[in-house]
Each structure stands twice: as C-alpha cells, then as structure tokens.
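Please read the points below alongside the sequence and the model.

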Amino acid sequence: MAEEEFDFFKPHPHPTKPRVKSSFFEMVPDAFDDKSLNFTGDHRRVKKKVEEESKALETVPEPASAEPEVEMAEPVQETIYPHDVAIVSAEPWVAGDRSAQSRIFIKNGTIVNDDQSFHADIYIEDGIIKQVGTNLVIPGGARTIDARGKFVMPGGIDTHTHFQMPFMGTVSADDFYSGTKAALAGGTTMIIDFVIPQKGESLLDAYEKWRGWADAKVCCDYGLHVAVTWWNDQVSKEMDVLCSEKGVNSYKVFMAYKDVFMLDDDEIYHCFKRCKELKALPMVHAENGHLIAIKSRELLQQGVSGPEGHLQSRPEEVEEEATTRAITIADQAGAPLYVVHVMSKSSANVISKARREGKIVFGEPIAAGLGTDGTHHYNKCWRHAAGHVMGPPLRADPTTPGYLMDLLANNDLQLTGTDNCTFNADQKAIGKDNFTRIPNGVNGVEDRMSIIWEKGVYSGKMDPCRFVAVTSATAAKVFNIYPKKGRIAVGSDADIVIWNGEATRTISAKTHHQAVDFNIFEGMTVHGVPEYVITGGSIVMDEGQLKVTQGLGRFVPTPVNSQTVFGRVGNREKSRQPQIVEREPYTGPVVEIKEEDALVYNKRSDNPILPESANEFHSRPPTRGGARNMQDSSFSLSGHQYDENQPKRPGTKVSNPPGGKSTGFW
Ligand SMILES: NC(=O)NCCC(=O)O
Ligand SMILES: [Zn+2]
C-alpha cells in the first residue's frame with residue numbers, strides 16, 4: 001500500500017486548530033519558567049514559590065484577559081522521603097515563620113490509602129503533608145476544612161492523556177491548560193501524557209517540544225511517557241538519555257497505525273529489550289495494524305463509510321491477538337509489559353491469564369471502556385457515533401464495561417487512565433465520508449474518578465481502598481513516584497481529594513470543564529463528587545468552586561527501576577537462563593557442502609535453515625550467455641527469492657484498480 005495513503009495520521013504543517021470553548025489568560029507568574037524539578041534520581045526536587053498567589057487564581061468561568069506575565073520564582077530545595085513514610089504521626093509540628101497561606105488543616109475525615117482507611121486529621125504546609133493523626137498541634141493561621149463524613153484520599157493519577165496532540169491532521173481539542181483544569185475539577189491531581197515523535201524524529205527533540213507545550217499551561221503536576229515509533233541505534237541511545245537525564249521511565253510502542261507509528265515485531269523486541277536494560281517500563285497499544293488496514297479497505301469497498309465501520313474494522317480478536325503477541329514478545333525479551341487501554345473482555349482475559357502464568361504484565365482499562373460501550377457507533381446521529389470513535393474501539397458487547405470493572409476490582413487489571421484525546425464536531429467531521437479519517441479519541445480525564453466510584457464502589461464491586469489503588473496508588477508505584485504521590489502520609493505531596501461518596505452529579509458537555517464540545521458520558525448521573533481538591537498544597541476545588549492557576553503544575557520526573565515493576569525481573573531472568581549441555585564433541589563424518597562460484601548470494605540472515613555458504617538457488621550452471629538457468633527454482637525453502645537482492649523497480653501506479661479505489665486506511 002502506498003505510504004501517502006496513511007499520511008493523514010501525521011500532523012499536518014498547518015493542522016486544524018481546535019475551537020476553544022472558553023479560553024482564559026490571566027496573570028500567571030511563572031508560566032514560562034522551566035518547571036523541571038531537579039532530577040537527580042533520588043527524589044529531590046525544586047519547588048516553585050509563587051508570589052501573590054491570590055492574584056493568579058482563576059475562578060471558573062471568567063472572561064479572557066491579558067497575556068501571562070513572567071515572574072522569577074525562588075527555588076526551594078526539599079527532600080522527599082523515600083519509601084518508608086509513617087502512616088500515622090501525631091507529633092507536634094513546629095511551623096517556623098512560613099506563610100500561613102499554605103497551611104491547611106483537614107479534620108474529622110476518613111483517610112483512605114490503598115491498604116487501609118482510618119479516622120485521622122491532616123496538617124499540610126508548603127505543599128507537603130506534615131502531620132497525619134489525631135490531637136495534632138496546629139500552628140495558627142491554618143485554613144480548616146471539616147471533612148466529617150467524607151473520604152480524604154490521594155488525588156487521582158491519570159496514567160494516559162493526549163493533550164494538544166497533533167494527530168490525523170488536527171490537534172486534540174483539550175490542551176495542557178483545559179485538560180489539567182478538567183482533571184482537577186474531577187479530583188485528578190496528576191496526569192501522565194505521551195510524547196509521540198514522528199518516525200525519524202529525535203525522541204529528545206520531541207520530548208523538549210512536549211515540555212514546551214506543557215510547562216507553560218499545566219494546572220497540576222504531570223509526567224511524560226515517550227512513544228517509540230521507529231527504531232535504530234540513535235533511538236536506543238536517546239532512550240538512555242531520557243531515562244538518566246529527563247525523568248522518563250516508560251516507553252510506548254504501537255502495534256496499530258500502520259506506516260505511521262507502528263513497529264514490527266522484531267523492532268518491538270529490540271525496544272522491549274532496551275527498556276529492560278534501562279529498567280524502564282515498556283508499554284503497548286495492542287491492535288493488529290495490518291489486519292485493521294485490510295479490513296478498513298474491505299469495509300469501504302462494501303460501502304461502509306460511517307463510524308460503525310471503525311468498530312467493524314477492529315474486531316475484538318484484533319486486540320486480543322496483538323495483546324497475546326505483545327506479551328509473548330515482552331516475555332521473550334525478559335521485560336515487563338504495560339498494556340494501555342484494555343478495551344475488550346478477551347484482551348483482559350489474555351492479561352489475566354499471563355499474570356497467572358507468572359508473566360509481569362499490567363493492564364490499564366480506561367474510563368471510557370469502564371463507563372460506556374460501543375453500541376453508540378450505530379447511533380443514527382453521525383456526530384454522536386463519531387464522538388465515540390477511539391482505538392481500540394469501545395466494544396459493542398454491552399456487558400464489557402461491567403466485566404472490565406470486575407477484573408479491575410480483583411487485580412486482574414491494575415490501574416486506570418483515560419486516553420483522553422478529544423476532538424470537536426468540526427474536527428471529527430474530517431471523516432464524515434470515510435470512517436478511517438475520523439480523528440480517534442474520546443474524553444475521560446474529568447469524569448474518570450466519578451465513573452469508577454459509581455461503577456466500582458457504589459455498585460459494591462470494590463471498596464474505597466481498592467478505589468485508591470486503581471485511581472492513584474498503583475500508578476504511583478508502577479511509575480516509581482510512590483509515596484510522593486498516591487498516598488496520604490507524612491512527607492507525601494499534598495495532592496488530596498475530599499470526596500463525598502453519596503453526593504451525585506449529572507455529567508454533561510454543557511457543564512464540564514473540558515474544551516471539547518462532546519461528552520461520551522452525557523446525561524449519566526454518578527455518585528462521588530470531589531468537594532475539595534488540593535494540588536501541591538493549593539486548594540483548587542473549594543466547596544465545589546474551581547480556581548486553578550495556569551502553569552503552576554510541575555513536571556514530575558519518573559525514575560527508572562520501579563520495584564513494583566522490576567522487583568522480580570532479575571531473579572526471573574536468572575531462573576530462565578539458557579541451558580548448556582556439557583558433552584563430548586562430535587567427531588564423526590560431516591557431509592560436504594559445495595561452494596558455487598556463480599552468483600554468490602551475499603545476503604544471509606541468521607536463519608539456521610540457510611546453508612553456511614552455498615548458493616541455495618543454483619543447482620544448474622548458468623546459460624552460455626551467463627544468464628540464470630530458467631530450470632532453476634526462483635525460491636528456496638528458506639523463503640528467499642533469487643532476485644531479492646536486486647534493486648526494486650519503481651511501482652506502477654494503477655489509477656483505477658479493479659475492485660475500486662480508496663483513499664485512506666491504516
Ligand atoms: N486512542 C485513541 O483513539 N486516540 C489517541 C491515540 C492513541 O492512543 O491511539
Ligand atoms: Zn493513547
């Protein structure tokens with residue numbers, strides 16, 4: 001298939017800009033400063049101190065005003081305690097002369113961590129949890145929040161977003177501002193986005209580009225995964241730099257998006273092996289890109305051009321097969337594996353079975369797959385149907401969300417993201433006549449916590465501790481930022497949500513904080529509402545009122561060698577060393593293989609069924625004129641063609657091929 005047929009996945013030089021639902025630019029003191037924490041690999045960081053914080057707050061909704069101003073912030077060095085953080089401590093805290101503004105006292109709540117819940121109070125100062133316990137001695141001037149009857153939990157970590165992602169000729173509608181604002185509105189205090197280089201693009205350059213986009217806009221802390229979309233030595237070297245200097249510990253490969261992002265199995269193997277060497281976590285988008293390309297073409301030829309074609313071009317088996325293949329490749333490379341957006345029962349079953357076999361695999365269902373289903377692809381309204389198009393697709397089997405939730409509750413699947421990648425109606429309409437051109441992606445970042453509470457906790461499938469595990473703690477452990485994130489404990493970041501488990505809200509695009517004009521959960525009433533959200537010690541959701549600051553979030557480096565991921569990789573590898581049998585050398589006769597003079601076949605792969613040196617194609621001499629003897633076979637048992645080393649003739653383009661013409665597949 002001609003490469004240009006897939007060009008629409010690439011960012012166009014002048015991509016269609018998303019329409020911004022409501023933009024806001026107020027004074028942002030350090031919006032354009034470098035937000036990098038000092039990445040030393042030992043969890044130390046530099047914290048920004050923002051002066052005149054109150055001036056920079058946004059009350060939503062408010063009208064747009066001036067451009068952000070740049071203001072120098074004074075760095076403050078802090079130590080984040082490594083993994084042994086006391087759960088309960090009632091020692092008095094001497095506050096010194098710090099500003100009372102950053103002091104928060106949360107009393108009477110039920111604190112929920114992934115391993116226990118208990119009644120206690122929390123004292124926060126300068127963005128850090130300083131005390132957890134009862135009868136705390138609190139310095140004067142602290143803001144007190146009464147959390148009686150509420151759950152006090154770590155803020156959510158969304159492991160999978162695509163904010164302002166250049167994709168399929170356009171750019172996703174929610175950028176790092178509206179995306180992180182919406183995250184906070186829903187109780188999520190950290191997101192991890194994906195750097196996605198084009199084939200041939202330096203990973204480091206792409207990383208810097210994403211940092212440039214994110215640092216100025218993020219309202220909450222964020223981390224970055226990097227996609228590996230091509231493979232050579234440079235990519236391998238840059239992965240090392242990203243791990244050791246740039247705070248990246250996870251790399252995603254695509255088995256879909258043929259000719260654009262997709263890697264072949266051997267490249268995936270090399271990438272996974274490299275991840276293992278670096279003690280970084282390989283991630284995979286598991287769908288068979290070859291089959292999708294073929295099936296898309298067939299469906300278009302059969303006259304299926306609407307969003308339902310998207311679902312039918314990517315049957316469940318296509319996800320299941322790729323999941324099996326990815327797990328097999330990772331296992332052969334001795335690497336762990338993280339499967340992003342597990343969308344089908346069969347793919348979830350593959351992960352669950354692999355875990356029971358001892359393979360180190362993590363499965364990430366997403367809010368969309370847990371909260372709704374793929375029957376919407378058949379909706380009569382084109383926009384509604386297209387609004388549900390994402391890859392892998394939401395499944396038409398309406399029992400899928402409940403099944404995925406069951407597996408999540410029981411640790412067959414481990415943690416959740418959203419794959420938030422939103423497109424407005426006019427962007428989705430790029431594919432109005434051809435489903436393969438509908439930009440893939442849906443919302444979720446704002447609603448993930450409520451959806452999981454409603455379908456997981458309120459339904460009785462999981463308890464609040466498990467809720468914390470699947471919405472923050474396990475993500476923090478897997479991406480090696482625990483207990484800085486994902487835990488309510490002394491020394492942890494003050495990223496906290498005070499959650500009313502009984503209150504309800506009705507989800508709608510009319511009221512959500514995302515820039516996108518559509519919500520896949522439209523009209524759903526859910527239990528579980530964040531009444532207060534605290535990010536880095538700042539109250540951004542205050543009794544239901546959202547106040548965020550653009551650029552106040554920080555980049556959180558994710559160090560390699562997470563023990564949750566790599567804890568048993570070494571011993572597992574030792575126990576699976578190749579076996580060598582000590583034996584006497586063979587001394588008997590060896591059959592002689594004749595060297596042929598003519599047409600020495602240079603290209604030898606490592607395929608053991610190829611002869612050592614003989615020309616496998618020629619048992620007959622050349623003709624008198626030196627040409628190939630036409631009685632010879634043109635292929636060998638190894639699968640090689642006699643002329644495969646010859647330069648290829650340029651393809652002949654058939655403008656009207658038999659069976660019709662199509663313009664885009666993947
Ligand atoms: N998932 C999706 O449909 N869009 C975002 C890109 C990707 O993750 O495949
Ligand atoms: Zn994604």
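**Notes on the predicted model**

1. Leu184 has a relative accessibility of 0% and therefore counts as buried, since the limit for that class is under 20%. The residue belongs to helix 1, which covers residues 176–185. The structure is a predicted model, and the values in this note should be read accordingly. Between Leu184 and Arg325 there are 37 Å in space, C-alpha to C-alpha, and the two are 141 residues apart in sequence.

2. Which residues surround ligand 1? The shell consists of His162, Lys252, Tyr257, His285, His341, Met390, Gly391, Asp419, Cys421, Asn440 and Gly441. By class, three of these shell residues are nonpolar, six are polar and two are charged.

3. Several polar atoms of the protein lie close to the ligand in the sense of the distances given here. The side chain of Asp419 places an N or O atom 2.5 Å from a nitrogen atom of ligand 1. Asn440 contributes a backbone N or O atom, which is 3.0 Å from a nitrogen atom of ligand 1. At Gly441, a polar backbone atom is 3.5 Å from an oxygen atom of the ligand. On its own, ligand 1 has 260 Å² of accessible area, and the protein covers 100% of it. The space that ligand 1 takes up is the largest cavity.

4. Most peptide bonds are trans. The bond from Gly391 to Pro392, however, is cis, with omega near -10°. Gly391 is also one of the residues around ligand 1. Pro392 itself is in the loop between helix 10 (382–386) and helix 11 (400–409). A cis peptide bond also joins Tyr482 to Pro483, where omega is about 5°. Pro483 is located in the loop between helix 14 (464–478) and strand 18 (496–506).

5. Most residues other than glycine have a negative phi. His341 is not a glycine, yet its phi is positive, at about 30°. This histidine is in the loop that runs between strand 16 (337–339) and helix 8 (345–356), and it is among the residues surrounding ligand 1. Is His341 buried or exposed? With a relative accessibility of 2%, His341 is buried.

6. Asn480 likewise is a residue other than glycine with a positive phi, near 65°. Asn480 has a relative accessible area of 8%, so it is classed as buried.

7. Because its relative accessible area is 2%, Asn443 counts as buried. What does the side chain of Asn443 reach at 3.0 Å? The backbone nitrogen of Ile520 is 3.0 Å from that side chain.

Definitions and conventions: Residues numbered from 1 in each chain as written. Chains lettered and ligands numbered in written order. Predicted model: local features only at pLDDT ≥ 70, side-chain atom pairs only at ≥ 80, totals over all residues. Heavy atoms only, no water. Near = heavy atom within 4 Å. Polar contact = N/O pair within 3.5 Å; in protein donor to acceptor, adjacent residues only side chain to side chain. Areas by Shrake-Rupley, 256 points an atom, 1.4 Å probe, with all protein chains shown as cover. 1 Å grid on protein atoms, 1.4 Å probe; cavity = no way out; pocket = protein on both sides within 12 Å on 5 of 7 lines; lining within 4 Å. Sits in = over half its atoms within 2 Å of the grid points. Nonpolar A, V, L, I, M, F, W, Y, C, P; charged D, E, K, R; others polar. Helix = DSSP H or I, 4+ residues; strand = E, 2+ residues; numbered from the N terminus. Buried < 20%, exposed > 50% of the residue type's maximum accessible area, 1.4 Å probe, protein only.
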